[in-house]
Amino acid sequence: MHKPLSKASQLGRRGFLGLAGVAALSDSLLSRKRVVRALLAKDMLAENTGSSAGSSPGLPPLKITDVRVIVTCPDRNYVLVKVLTSEPGLYGVGDATLNGRELAVAADLEQHISPLLVDRDPEQIEDTWQYLYRGPYWRGGPVQMTALAGIDLALWDIKGKRANMPLYQLLGGRTRTGALAYTHASGRDFAEVEDVARRAMKRGFKCVRAQVAIPGLEGTYGTPGNKTPEAAAWRVANLAGLPQTEVFEPASYLRVVPRLFEYLRAKLGPEVELLHDCHERLDPIQAARLAHELEPYHLFFLEDCLRPEYKESFRLIREHSTTPLAMGELFNSLWDCVPLIKEQLIDYIRCDLGHIGGITAGRKVAALAELFQVRTAWHGPGDIGPPTHAANVHVDLSIPNFGIQEMVFFPDVTREVISGGPEFKDGYMNVSDLPGLGCDVNEEAAKKCPYRRAYLPTARRKDGSVQDW
Ligand code: CS2
Ligand code: MG
């Protein structure tokens, strides 16, 4: 028999239902408030910027309608971004490739960033940059900054296309006729490095980065490694999508590198500019010793001597050597660059525009560097896509403190998927006068090259301890 509820419990239930009702009401009020706030935010921006939601005066308002994330593997994995707009046929292309973590960036773009961008005005590049950098509260890091860079490049591409200008024009116009370029000369021994360098010089390069295999060490960074069973093992490990582990010992490396540059100067003469990448492998005193021992060979620069965590240790290198220093491809934040530039502990800032937040970030780093007579040498390897290489050169051509531009030649299979990008001629890089970034993505071709998991190698010392690759 169902017992009638006491007065108190009836009151209790009514109270609870009342409360639930109030909660639901406040909930809908809250969400309504949120919607209103979002609309207000847009109106706020429009109001404050005095233009219809920020679009260029005289041009119809523009909205982002979709963000496509294209993961493809023509010769290696790339993550490309296509930002579509409400203007038929107008879209922006960006590159968000982070070697070994491609799918993490793609997921960030697809799951977290794209929903925030739909309906936004693509013309508000700086506001979008701040919104995507500071908005998530958790900020920075290679994955988020690469995703942000992909969007940033695409928005600049849209702005250039709308203005019907190549980006270097939009960024202030040419400061030079071309961007001095360097390429890689790697070999298993000194003679092979010399041979590859001579071929590059024949091709018009005035600057060559030289890397040589270190006897007794399997696979030193930047070298082809000797065609040993280990190399074969590397290929198999890579097929299995697992990182290969190399062995590195600084002592033998420090003995070999100065002799390499003594050899190259003797063979190639004083004219050709020579560079070397330590790839973040040395301790401060080892780096100071190497920079000092390389002085007689007048390197254009010695790159990434130390791990990015040890910026203050560049003081020790400066104390012991006048070899020009470059640093920065592992920096993911503008603020990482400040101490080294402000104290002039480096001569070249080597950020990767694709990993630090795109053109918007690159311009700020360049402007800061100009104030301290530090030049740029943006990262330009083969594991970032042609759109980032194009962004590098658009910025290079429009700043006063450009130093040098790393470049690679992309294979035809990649160019079928990603067209455009900077061109090399007689030692210099240049971009076309196409509006925007000057790159495009063939989505059909991209679909035919599915992603394949792959990793960068890792490294260990002979005692088995972890070493920076
Ligand atoms: C290198 C890069 O080109 C360079 O300066 O440091 O090739 C680097 O090893 C790769 O981009 C790593 O992903
Ligand atoms: Mg490097």
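Let's start at the ligand. An oxygen atom of ligand 1 sits 2.5 Å from an N or O atom in the side chain of Glu-406. Taken alone, ligand 1 exposes 340 Å². The protein buries 89% of that. Keep in mind that this is a predicted model.

Two further contacts to ligand 1. His-279 places a polar side-chain atom 2.7 Å from an oxygen atom of the ligand.

Now the shell. There are 15 residues around ligand 1. Coming nearest are His-279, Glu-329, Arg-350, Asp-383 and Glu-406. What is the shell around ligand 1 by class? It has 7 charged residues, 4 polar and 4 nonpolar.

Next, the metal. Ligand 2 is a magnesium ion. Which protein donors does it have? They are Asp-277 through OD, Glu-303 through OE and Glu-329 through OE. Their distances from the ion run from 2.0 to 2.2 Å. The sequence spacing of these donor residues reads D-x25-E-x25-E. Take the pair Asp-277 and Glu-329: 52 residues separate them, and they link distant parts of the chain. Asp-277 is in strand β7, residues 273–277. Glu-329 is in the loop between β9 (325–327) and α11 (334–342). Both Asp-277 and Glu-329 are buried.

Where is Asn-99? It lies in the loop between β3 (91–95) and α2 (102–117). Buried or exposed? Asn-99 has 19% relative accessibility, and the cut-off for buried is under 20%, so it counts as buried.

Last stop, strand β5, residues 207–212. Why call it largely enclosed by the rest of the structure? Because 6 of its 6 residues are buried. Look at the two faces. Cys-207, Arg-209 and Gln-211 point one way from β5. Val-208, Ala-210 and Val-212 point the other way. All of them are buried, Arg-209 included. For a neighbour, see strand β4, residues 179–187. β4 and β5 run parallel, joined by 6 bridges. One bridge to pick out on screen: Ala-185 has Ala-210 in β5 as its partner.

That's the tour. Questions, please.

Notes. Residues numbered from 1 in each chain as written. Chains lettered and ligands numbered in written order. Predicted model: local features only at pLDDT ≥ 70, side-chain atom pairs only at ≥ 80, totals over all residues. Heavy atoms only, no water. Near = heavy atom within 4 Å. Polar contact = N/O pair within 3.5 Å; in protein donor to acceptor, adjacent residues only side chain to side chain. Areas by Shrake-Rupley, 256 points an atom, 1.4 Å probe, with all protein chains shown as cover. Nonpolar A, V, L, I, M, F, W, Y, C, P; charged D, E, K, R; others polar. Donors = N, O, S within 2.8 Å, 3.2 Å for Na, K, Ca; no water. Helix = DSSP H or I, 4+ residues; strand = E, 2+ residues; numbered from the N terminus. Buried < 20%, exposed > 50% of the residue type's maximum accessible area, 1.4 Å probe, protein only. Pairing = 2+ DSSP bridges.
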